[in-house]
Amino acid sequence: MPKVASSAKKKKRPAKRVVTRRNAGRLETIGAQLDSTVTTFGKGVLQLAFMTVITLGLLALVVSAASGRLSQLPDRLAWLSESAARSFGLNVYHVTIKGGESLTEREVMQALRDERFGSVVGRPLLSLDGDAMRNALESLDPVKAAVVQKLLPDTLHVSILERDERALYLNGDGTYFVVDSQGVIVRPSSPTEYTDLPVISGTDDPSRAAPFLRLLRDHPAILTRVKGIEVVSDRRFDLHFGNGFVAKLPEEDIGDALTRLEALEAGAGRLSATLDYIDLRDPKWAYYKPKDE
């Protein structure tokens, strides 16, 4: 049987992808070499410059320390700041004070004074330490809080909030002091200076009576008549009224005892005028002692 030639063509294998590398030209090779040389040289220069600055800085510190000039550096910088402040007119020429009526101007200025630089007047406004001046003012007994403000170009403004004067305190030596609502001593006083304030006695710590003072504010009828608050054994209180009447209060439930005392019109009513004292330490009973008994 004769062979019949097939009409189907043989499939050709796909041609392989050939990657050819092109050799760099002469100019490109020289350029690459120059880039590498410049980069390496640049890094070396930067490193050398950095190390030179560090070395010179350390050398300057050693020389300054050896010659004793290092300790003078802050003074020189302070002088430069003062000189710059003067040239721009930023030194303190005015000090204004608001509040602090019980303080003299001399006391305020003395608190603002710096041990090293002296008076605040004439010093650079911007270089003043506001927090240090505020702390110095608040260290004064009458001052509860203070604010120090720098007002450009040449003014220092001081605002003072004084402690509230709530009572007098009589210590064991017979000296009187004004105390605030927290029992903090404000300043020395005399028994005739604040005749409308009650006198705390019987303790070395006037703050012991501070919570009781706040409680008395809820009983104004009693507070206005009380002349003395005696702390007994640091545990309880005796109230002394203007007519000589004494009310002995308990250690606990003081509020209830004050309410009972208020109902008796202590210090003003006929009952208190005929009694030497009344003892309210028992929550159910009241004991009293008539005058001249």
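A: Two strands pair if DSSP finds at least two bridges between them. Strands (E, at least two residues) and helices (H or I, at least four) are DSSP runs, numbered from the N terminus.

Q: Which strands here show pairing in the parallel sense over three bridges?
A: Strand 7 (residues 199–201) and strand 8 (residues 226–232) do. Within strand 8, Glu230 is the bridge partner of Ser201. This is a predicted model, in which local features need pLDDT of at least 70 and side-chain atom pairs count only at pLDDT 80 or more, while totals for chains, interfaces and linings use all residues. Residues are numbered from 1 along each chain as its sequence is written, and side-chain values use heavy atoms, with hydrogens and water left out.

Q: In what order do the nine strands of the open sheet stand?
A: Strands of a sheet pair through backbone hydrogen bonds, either parallel or antiparallel. Here the order is 6-5-4-7-8-9-10-11-12, and the pairing is mixed. Strand 6 (185–189) and strand 12 (287–290) are at the edges with a single partner strand each, so one side of each has no neighbour in the sheet. From one strand to the next, the twist averages 25 degrees; angles run from 0 to 180 degrees between N-to-C directions, with axes fitted to C-alpha atoms (for helices, over the stretch in contact).

Q: Which strands does helix 7 lie across?
A: Helix 7 (residues 254–263) lies across strand 9 (236–241), strand 10 (246–248) and strand 11 (275–279). The helix runs at about 20 degrees to strand 9.

Q: Which residues have the most contacts inside the largest nonpolar core?
A: A nonpolar core is a set of buried Ala, Val, Leu, Ile, Met, Phe, Trp, Tyr and Cys residues joined through side-chain atoms within 4.5 Å. Buried means under 20% relative accessible area, exposed over 50%, and partly exposed in between (1.4 Å probe, protein chains only). The largest core here has 26 residues, and Phe212, Leu239 and Leu261 have the most contacts inside it. Elements that give two or more residues to this core include helix 5 (210–216), strand 8 and strand 9. Helix 7 supplies the largest share, four residues. Leaving aside neighbours within four places in sequence, Leu239 is in contact (heavy atoms within 4.5 Å) with residues including Phe212, Ile222, Leu258 and Leu261. Another core, of 16 residues, lies apart, with Leu103 and Met133 among them.

Q: What is the order of the open sheet of three strands?
A: The order is 1-3-2, again with mixed pairing. Strand 1 (94–99) and strand 2 are its edges, each with a single partner strand, so one side of each is left without a neighbour in the sheet. Strand 1 and strand 3 run parallel and are joined by six bridges, and Ile97 stands opposite Val158 in strand 3. Helix 3 (residues 105–112) packs on this sheet, touching strand 1 and strand 3, at about 120 degrees to the direction of strand 1.

Q: Which residues does a cis peptide bond join?
A: Most residues other than glycine have a negative phi, and most peptide bonds are trans. The cis bond joins Leu152 and Pro153, with omega about 10 degrees. Pro153 lies in the loop between strand 2 (143–151) and strand 3 (155–162).

Q: Where is Asp234 placed?
A: Asp234 is in the loop between strand 8 and strand 9. Its phi is near 55 degrees, a positive value in a residue other than glycine. Asp234 is partly exposed, with a relative accessible area of 44%.

Terms used
Contact means heavy atoms within 4.5 Å.
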